[in-house]
Structure formats: structure tokens, C-alpha cells
2 protein chains.
Amino acid sequence: MSIQARRERERAERERLIVMAARELVEAEGWDAVTTRRLAERVEYSQPVLYSHFKGKDAIMAAVAVEGSADLAAELRAAGREAAPGQETLAEVSAAYLAFGERCPELYDVMFNRVLPLPWATPETPSALQECFAELCRAVRPMAGPGEEAVLAEVLWSCLHGLLTLTRNGRLPRQDHDRRLALLLSRLAG
Amino acid sequence: MSIQARRERERAERERLIVMAARELVEAEGWDAVTTRRLAERVEYSQPVLYSHFKGKDAIMAAVAVEGSADLAAELRAAGREAAPGQETLAEVSAAYLAFGERCPELYDVMFNRVLPLPWATPETPSALQECFAELCRAVRPMAGPGEEAVLAEVLWSCLHGLLTLTRNGRLPRQDHDRRLALLLSRLAG
DNA sequence: CAGATTGGCTAGCACTGCTAGAATCAGTGT
DNA sequence: ACACTGATTCTAGCAGTGCTAGCCAATCTG
């Protein structure tokens, strides 16, 4: 029994290695640079090994996305705690969200722009993703009317996401970014 | 001289044909289905002909994006005219924007999500794109403070874009879409 | 009608994600 | 200690991608 346990342990370790390598690669050189060959070379195994762990490239990137979500959730939570309770939270959490997207644009892309084989907004959604949303809910709580907290959080998320992606791919000039954010938050706060 | 004119006319006509075929293909089967081979077959020429008109696939899709923007601008303008002057305009134009994105998701993707070799938010920006933005400006004019019209329009654009993309790629459940939109617009209106 | 030139086409390169089947290693029983 | 067996990893290849070099033919010029 113990030898099988060891094998499974080694397998799990290698799977972690694959996801880590994929994340490093996507953060450093972008999604297009993540090819199965380069990834395999990076983990020092042959290509087909990847397919014994994941159904395909999409599944690997889904795992990367979940890992990234854990980081984002942690950063949002930290930002929420730092802020004085009250109005400040919204600004702090929003800034943390945008900072994450700016710092890891390619990772962010995988998490929220690509179509991935992941369940969203259902009970089976990976907890890291649920936690991200929960932090947004906390941030909007003070300014949400009764029963509209979740909806308002979704709206905030959409706005930040739109701001981030349009800026990142060149549609919006970076220069007025702060003015846009300030205006958005003041209006959302009502 | 006239024979050269005819040649240029034929060339321009063929270029239009390429862009049209690319648009049909992307709308019908999505970006990934637009391969240079399939596109060439569709216009009944060989692959290399595409490259005598466009620098590469990206340039073709940029042309498709510009064409799509003209349509979007027309629809936004129509929505703006229909609405009674005043608060209604914002809701009508927003609805038109979202409807366009829902009706032509793949075209929308090319226009606003892909990284394209196009100048954005500069004087050289294709007029169709500038007109889209101008319509958004008109829509937010009644509720914009002095000097913040353009910024507010950018914010509106970002929010609509975020709402649309997060919904479209499964991150937000479609079911509460209307509530989100209503909440967003009411808050943005102040 | 011969010659020059423009143009499109055939064929191919280097790459992609993915997989069938050969080869090699491990663990087992004698 | 050794051959056997079964799982696991690798080699080699498929069908497809965007893009391009160089041939070939149709077109216009003198």
C-alpha cells in the first residue's frame, strides 16, 4: 500500500510542478508563449505526460487560473482589513483588484477573459474564486441597499474588469485612469 | 491610365470581399474558425493573396473590427435618437450597446477584446470608432458634471464592457443581468 | 507578334495541440 | 539473483496553424 501512496504523492507533486511552470511561463511571456512543448521541457518531462495529468491545455490553464484566484483573494482580503471600516474599504479593495490586474496582466487574462472549463457562480465553483467575490461583497456592503449587496458586488466587479481590460489592451488611454476610477467609485457609492 | 484604374478598382473590390468573408466567418463560427486557408477558400483565391492585401491575419481582423464599429455606431445613434431627450437616452444607448454585444459576440470580441494593430483614442483612430464613443458621450451628457463628460463616458463604456464580457464568458450568471444593468445605470446617473 | 512585368499559385517551413504505439522502467514471484 | 509482468514514459507522427519563397502564366507594351 505504501508504495502506491508514494507514487500518488509523486504524481501530485509533479502536477503541482506543471501548474507552477505554466503560471511562471504565462506571467513571464504571455498565454501564447505557453505551448505544451515548452511547458514539458520546463518540467523536464515529455509532452504526453501533461496529458496524463490534464485533459488538455485548457485544463492546465484552468488550474493556473484557480491558483491565481487564491492570490487575488488574499490580496483583496488584506486590502479590506487595512482600510478603516466604512467608505474606505471600497477604494482600497478596488485599488487592490486593479493592481493585481496590472501586475499580472497575463495571469488576469487567463482568470477572467479566457473561456475555461470551470464552473462559475455555482456551488461547485472553486473556493478561491468564491472568496474573491466574497471580498467584493464585503467592500460594497456599507453602500448596498437591502438585498442588493450581491448584485452591487457583481456590478463593481464588472466595472473594474471593464476598466482594467479596456485600459490594458489599449482602448482607453492610461493617463486618465485615476480620474475614471475616482468618478466610478463616487457614483457607485451613491 | 484607365487600365490601372480598373485594376485598382478590382483590387479594392476584392479587399472588400475578403473583409466581408472574414466577418461572416467570425460571426458564424468564431475567431478560431477564421483561418487563412478557410478565408482564402471562401473568397476563391489562394492563401498568399490575402497577404498582398493585408500584412497578416491581425490586419484583416482589424479591418473587420472597424467595419463592425460602423454598425455599432449606427445602432447607438439610432437608439439615442429614439429616446426622449433626457434620462432615457442613457438606458436606451446602453441597451443598444449590450444588445449588439449579445447579438454578435464574436465580432464584439474582435472589436474590443483582442489586441489589434489599431490606434485607439488618438486623432488617427478610425472615425467609426470615434463615433461610437461620441454616442456614449451624448448619452451621459445630461448627468455629467462640468468637464467630466468624456471621463464619464469612458466609465460607462468600461462598465458595459465588463458586464458584457463577464456575462458572456460565463463568469456572471445571465439570470440577474437586468438587475445589474438597472442598478448600474441608476448609480451612474447619480 | 515577341518581350517584359505584374500577378497568383504551388509547395513548403516552422510551429501548434494532441495521440498511438514502442520502449523502458519499476515491483513481484520464484 | 533472475526472469517476468505491468504500469509509465518517450519517440514519432498526425492534422492543423500563420506565413513566404520562387515558379508560372496571363497581361500589357513596343
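The model is predicted: local features need pLDDT of at least 70, side-chain atom pairs count only at pLDDT 80 or more, and totals for chains, interfaces and linings use all residues. Residues are numbered from 1 along each chain as its sequence is written, while chains are lettered from A and ligands numbered from 1 in the order in which they are written.

Let me begin with the relation between the chains. Two copies of a chain are related by a rotation about an axis and a shift along it. The same surface serves both copies, since 100% of the contact residues of chain A recur in chain B.

The contact itself takes 30 residues from chain A and 30 residues from chain B; two residues are in contact if their C-beta atoms, placed from the backbone, lie within 7 Å. On chain A, the elements that give two or more residues to this side are α8 (149-168) and α9 (177-188). Helices are DSSP runs (H or I, at least four residues), and strands likewise (E, at least two), numbered from the N terminus. α8(A) gives the most, with 11 residues.

How do these helices pack in chain B? In chain B, α8 and α9 pack at an angle of about 170°, with their axes 12 Å apart; axes are lines fitted to C-alpha atoms, for helices over the stretch in contact, and angles run from 0 to 180 degrees between N-to-C directions. α8(B) and α9(B) are therefore roughly antiparallel, a term for angles over 145 degrees. Among the residues that meet are Leu156(B) and Leu163(B) in α8(B), and Leu181(B) and Leu184(B) in α9(B).

Finally, the domain assignment of chain A gives domain 1 (1-54) and domain 2 (62-189), with bounds from an automatic or database domain assignment. Their C-alpha centres lie 29 Å apart.

Technical notes: Angles under 35 degrees count as roughly parallel, over 145 as roughly antiparallel, 65 to 115 as roughly perpendicular and the rest as oblique.
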